Structure formats: structure tokens, C-alpha cells
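Welcome, and please take a moment to look over the model below.

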Amino acid sequence: MTTEPPILSTHGLCAGYGDFQALFSVDFEIMPGEVVALIGANGAGKSTLLKAVMGLLPSNREMIRHAGVPVGGSAPYQMVQNGFAMVPEGRRLFAGMTVEDNLLVAVDHGRKNGAAIWTMQRVFDLFPALASMRKRLVEKMSGGQQQMVAIGRALLSQPKVLLCDEISLGLAPKVIGEIYDSMPAITKAGTAVILVEQDVSRALAASNRLYCILEGRITLSGNSADVAREDIARAYFGADHAVA
Ligand SMILES: Nc1ncnc2c1ncn2[C@@H]1O[C@H](COP(=O)(O)OP(=O)(O)OP(=O)(O)O)[C@@H](O)[C@H]1O
Ligand SMILES: [Mg+2]
């Protein structure tokens with residue numbers, strides 16, 4: 001038995017956009033090195049949860065903890081220093097810059113997080129396809145290659161938790177496979193991964209545990225190997241749409 005606190009946890013997390021409340025008392029936790037999938041329909045609140053954790057939306061101090069220490073309400077740069085790094089939906093790379101320069105941006109941030117586990121060389125070892133493209137402009141690369149750069153950039157901030165928002169969206173199956181194949185090497189380095197994923201089968205296969213969110217509320221959590229498909233369907237679509 002371990003008494004170690006979760007590396008990241010939320011406690012009654014409420015968040016939204018102005019008057020619109022998108023998350024209702026969300027309790028979520030992830031242990032070091034764990035892969036946790038976050039699934040739910042369009043508009044359920046998956047991205048909002050990641051954004052709230054990253055300090056991109058306001059929250060109260062006690063609602064978010066890093067290794068047991070309340071950090072809610074911190075600025076995004078402080079959340080990066082705490083060890084949270086997001087691979088955002090749509091990647092948000094610097095399109096007019098090279099692979100190397102996109103990665104270097106993060107190396108500067110990562111320095112403040114103490115001993116570097118992730119180096120540029122290690123990112124190239126993780127994604128060999130990128131190694132020969134160091135000097136290529138990101139805008140000239142495929143979506144899958146760009147996603148690798150986005151993951152690499154996030155890793156170079158030396159995260160303890162990598163928050164991935166729909167990293168497989170719109171990509172070819174082969175490259176999705178390559179990206180998911182990189183997960184064990186990431187978690188082996190001790191980094192925990194939150195996977196927001198539309199493809200439920202992929203989410204289950206790639207994760208230790210999962211949470212399902214529906215209209216801003218967690219409707220299911222459990223071990224990915226154990227959860228029943230019917231329970232997922234009910235949690236995903238709501239009781240009214242449960243499969244018979
Ligand atoms: N910038 C915003 N301003 C106002 N409302 C927003 C904003 N972003 C999201 N919302 C609303 O918040 C709710 C949760 O949205 P969110 O983007 O977190 O969903 P999601 O689960 O990530 O969905 P998707 O699968 O479509 O990415 C939705 O009702 C959405 O319309
Ligand atoms: Mg989203």
C-alpha cells in the first residue's frame with residue numbers, strides 16, 4: 001500500500017465561462033506514472049477540466065491539488081512550474097518556426113522545473129520520425145508529425161502530468177498507433193498522462209483507469225480493464241440513452 005498522494009487531484013472542482021457553469025463538483029485524481037482516460041460526448045466538459053487544471057480558467061485554491069498541496073487559482077505559468085503540461089486541442093504550434101525552435105521554446109520553461117528528464121534528444125528518441133526534420137518548418141509537416149512536436153514540446157517542460165486533449169483527432173490510423181506507442185516510454189519516466197480521447201476503445205486500451213464526464217459531472221470512474229461497456233454507454237450518453 002502506498003500513502004503517496006495523487007500527483008494531481010481535483011476536489012469539488014467547479015469551473016465555467018463567465019456565467020456559464022461547465023463543471024459541477026468534479027473529483028478527479030491521477031497517480032504518478034498512471035494513464036487516465038477522460039471520455040465524454042461533445043461539450044461534456046473534457047477540455048474545460050484540462051483548462052481549469054492548467055490555470056486557464058479561475059478556480060478556488062482547494063479545488064486543485066498538486067501532490068496534496070492546494071494550487072487552484074494559480075496562473076498558467078505556475079501550473080507549468082508545478083509540473084502540469086497540456087498538449088492542447090489543435091496543437092497550437094508556432095507554424096512558421098522549425099521543429100527545433102518549437103521544442104526550444106519549451107526547453108527554456110522546463111529549466112525552472114529542476115533536473116531535466118526530457119531533453120531534445122530524448123524527444124527524438126521517442127519520435128524517430130522527427131529526428132531528421134529538425135530544421136523543417138512545422139507548417140510543412142503532416143498532422144501526425146505536428147502532434148509529435150506538440151507532445152515533445154510539452155514533455156520538455158518536464159511535466160509530472162501530461163494533459164493530452166484529443167491527440168488522435170483527424171490523424172491517420174498508422175500515426176495514431178505511433179503516438180500511442182510512445183505512451184509507455186512517457187509513463188516509464190514517471191510522467192502521468194491524462195488522455196482525452198473520443199475513441200472509447202482506444203482510450204480503454206491505453207489507460208489504467210478512466211473517468212466519464214457528462215454535462216460537466218463525472219458519471220463513471222473505474223479501472224479500464226474492468227468497466228462494463230453498458231456502464232460506459234450509460235455514463236457517456238445519460239440514463240435516457242442507455243443501451244438495453
Ligand atoms: N470559451 C467558451 N466560452 C463559453 N462556453 C464554452 C467555451 N468553451 C467551452 N464552452 C462550453 O462549455 C461546455 C464544455 O465544453 P468543453 O469544450 O469542455 O467540452 P469537451 O468535452 O471538450 O467537448 P469536445 O469533445 O467537443 O471537445 C460546453 O457546453 C461548451 O459549449
Ligand atoms: Mg474538447
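Asp-231 and Arg-234 are 3 residues apart in helix H10, so about one helical turn separates them. In general, an α-helix has 3.6 residues a turn, so residues three or four places apart point the same way. The side chains of Asp-231 and Arg-234 meet in a salt bridge, at 3.1 Å from N to O; the term stands for a side-chain nitrogen of Lys or Arg within 4 Å of a carboxyl oxygen of Asp or Glu. Asp-231 is partly exposed, with a relative accessible area of 33%, and Arg-234 is partly exposed at 38%. Here, buried means under 20% relative accessible area, exposed means over 50%, and partly exposed lies in between (1.4 Å probe, protein chains only).

Before going further, a word on the model itself. It is predicted: local features need pLDDT of at least 70, side-chain atom pairs count only at pLDDT 80 or more, and totals for chains, interfaces and linings use all residues. Residues are numbered from 1 along each chain as its sequence is written, chains are lettered from A and ligands numbered from 1 in the order in which they are written, and side-chain values use heavy atoms, leaving out hydrogens and water.

Now for the whole chain. Its secondary structure comes to 10 helices and 10 strands; these are DSSP runs numbered from the N terminus, with helices (H or I) of at least four residues and strands (E) of at least two. Of the 244 residues, 53% are buried. Among contacts between residues at least 6 apart in sequence, 67% join residues at least 24 apart. The C-alpha atoms fill a box of roughly 50 × 45 × 40 Å along the principal axes.

The structure holds 7 salt bridges. One of them joins Arg-134 and Glu-100, with the closest N and O atoms 3.0 Å apart. This pair links distant parts of the chain, 34 residues apart: Arg-134 lies in the loop between helix H5 (128–131) and H6, and Glu-100 lies in helix H3. Arg-134 is partly exposed at 28% relative accessible area, whereas Glu-100 is buried at 14%. Another salt bridge brings together the side chains of Arg-65 and Glu-62, at 3.1 Å from N to O.

Is Gln-147 buried or exposed? At 2% relative accessibility, Gln-147 counts as buried, and its place is in helix H6 (residues 143–155). Leaving aside neighbours within four places in sequence, Gln-147 is in contact with Val-87, Arg-91, Glu-166, Ile-167, Leu-171 and Ile-179.

Met-97 sits in the loop between strand E6 (84–87) and helix H3 (99–110). Met-97 is partly exposed, with a relative accessible area of 27%. Not counting residues up to four places away in sequence, Met-97 touches Asn-102, Val-105, Arg-136, Leu-137 and Val-138.

Technical notes:
Contact = heavy atoms within 4.5 Å.
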